[in-house]
Amino acid sequence: MAGWAAMTPHPKIDAIVETYLSVADVEAPGLVEGLYLEGSAALDDYRPGTSDVDFVAVTAASPPIEALERIHTRLGAHPFEGVYLTWDDFRHNPSDLEGRPQAHGGKLDPRGGVNPITWHTVAHHGVTCRGPKPAELDIWSDPAALAAWTDDNLDRYWRRLVTRAARPLTRWGLVTLGGYGTVWIVTGVSRLHYTLATGGITSKTGAARHALEAFPERWHRVLNEALRLRADDSAQPSLGSLVSGLAEHFGAPRPSLYASPFERRKDVLAFADQVIIAAHELYAAR
């Protein structure tokens, strides 16, 4: 079976894809019939320092978990994360499917969650590394179901996260003092607002730019701060990144648009609250 069918948006992604397919074809010859990239690699927002490479691998039938575990054990710490589907899975609403094998953080979850964002991203933006082009596939699409899932996710994930982050001594309370928490929350809620406003899928950078147009000037500083951090490509979910991010607020020159990380976190959480409310209103008005 051929290694892969198309150049990806970045040489680092090329190397990761080539390594993955080489390992997969040795450990389980013929298993991976299709491979598509989603996430930042597909949405023209890949950052080699901070982005994972998100994939959808397609098999003819439910894959043997033991083979997938061997593949991802050999891959180790490669930032290659995604889900295993069958060709038939693409034809169905993901809400009707049980869990599917999912690789995350170098480990394999045999029953990971699936959601309509993946289906819509592959259908409209997917980068083909092996197999037919997305336009040649029968991929389920339902704008109403996508909107309903997005509206539910606002509370099921993001509202809960913002609540935890508002408690200073919790893990997320500390994470939001750094750049990673700022980018994750500000762009995360903005992506859902974008989907409810337009019916489409966008990247972290695209979402922040959308929010600059959709929300009052009161929130432009925190949005521009998130865009600055995203472009800087150094905000990671690690202690070292947190310490480095905090250091931006002291000394000269000071890259941050905020005088202190506490002031920035206050705006991050307040902005998220406003976006969640506004996004719910968009859904209710459908």
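**Helix ends, salt bridges and loops in a predicted model**

Thr198 sits in helix α7, which covers residues 179–198; helices here are DSSP runs of H or I with at least four residues, strands are E runs of at least two, and both are numbered from the N terminus. This is a predicted model, in which local features need pLDDT of at least 70 and side-chain atom pairs count only at pLDDT 80 or more, while totals for chains, interfaces and linings use all residues. Residues are numbered from 1 along each chain as its sequence is written, and side-chain values use heavy atoms, with hydrogens and water left out.

Thr198 is partly exposed, at a relative accessible area of 47%. The cut-offs behind such words are simple: buried is under 20% relative accessible area, exposed is over 50%, and partly exposed falls in between, with a 1.4 Å probe and protein chains only.

**Helix ends, salt bridges and loops in a predicted model**

Thr198 sits in helix α7, which covers residues 179–198; helices here are DSSP runs of H or I with at least four residues, strands are E runs of at least two, and both are numbered from the N terminus. This is a predicted model, in which local features need pLDDT of at least 70 and side-chain atom pairs count only at pLDDT 80 or more, while totals for chains, interfaces and linings use all residues. Residues are numbered from 1 along each chain as its sequence is written, and side-chain values use heavy atoms, with hydrogens and water left out.

Thr198 is partly exposed, at a relative accessible area of 47%. Buried is under 20% relative accessible area, exposed is over 50%, and partly exposed falls in between, with a 1.4 Å probe and protein chains only. The backbone nitrogen of Gly200 is 3.1 Å from a polar atom of the Thr198 side chain.

Met7, in the segment before α1 (11–27), is exposed at 63% relative accessibility. Met7 and Thr128 are 121 residues apart in sequence, and their C-alpha atoms are 8.7 Å apart. Pro63 belongs to the loop between β2 and α3 (65–75) and is buried, at 11% relative accessibility. Pro63 is 213 residues from Ile276 in sequence and 38 Å from Ile276 in space, C-alpha to C-alpha.

On to the charges. The whole structure holds 15 salt bridges, each counted when a side-chain nitrogen of Lys or Arg is within 4 Å of a carboxyl oxygen of Asp or Glu. One of them pairs Asp152 with Arg156, at 2.5 Å from N to O. Both residues are in helix α5, four residues apart, or about one turn of the helix. Asp152 is partly exposed at 39% relative accessibility, and Arg156 is partly exposed at 36%.

Glu225 takes part in two salt bridges: with Arg228, where the closest N and O atoms are 3.1 Å apart, and with Arg264, where they are 2.8 Å apart. Glu225 is in helix α9 and Arg264 in helix α11, so this pair ties together parts that are 39 residues apart in sequence. Glu225 and Arg228, by contrast, are three residues apart in helix α9, about one helical turn. Glu225 is buried, with a relative accessible area of 0%, and Arg264 is buried too.

Glu225 also has a polar partner in Ser256, the two side chains making a polar contact at 2.7 Å. Such a contact is a pair of N or O atoms within 3.5 Å; within protein, one must be able to donate a hydrogen and the other to accept it, and residues adjacent in sequence count only if both atoms are side-chain atoms. Ser256 is in the loop between α10 (239–247) and α11 (261–284), and is buried at 5% relative accessible area. A polar atom of the Ser256 side chain also lies 3.0 Å from the backbone nitrogen of Tyr258.

Most residues other than glycine have a negative phi. Asp44 has a positive phi of about 60° without being a glycine, and Asp233 likewise has a positive phi of about 60°. Asp44 is in the loop between α2 (39–42) and β2 (53–59) and is exposed at 75% relative accessible area. Asp233 is in the loop between α9 (220–232) and α10 and is buried, at 18% relative accessibility.
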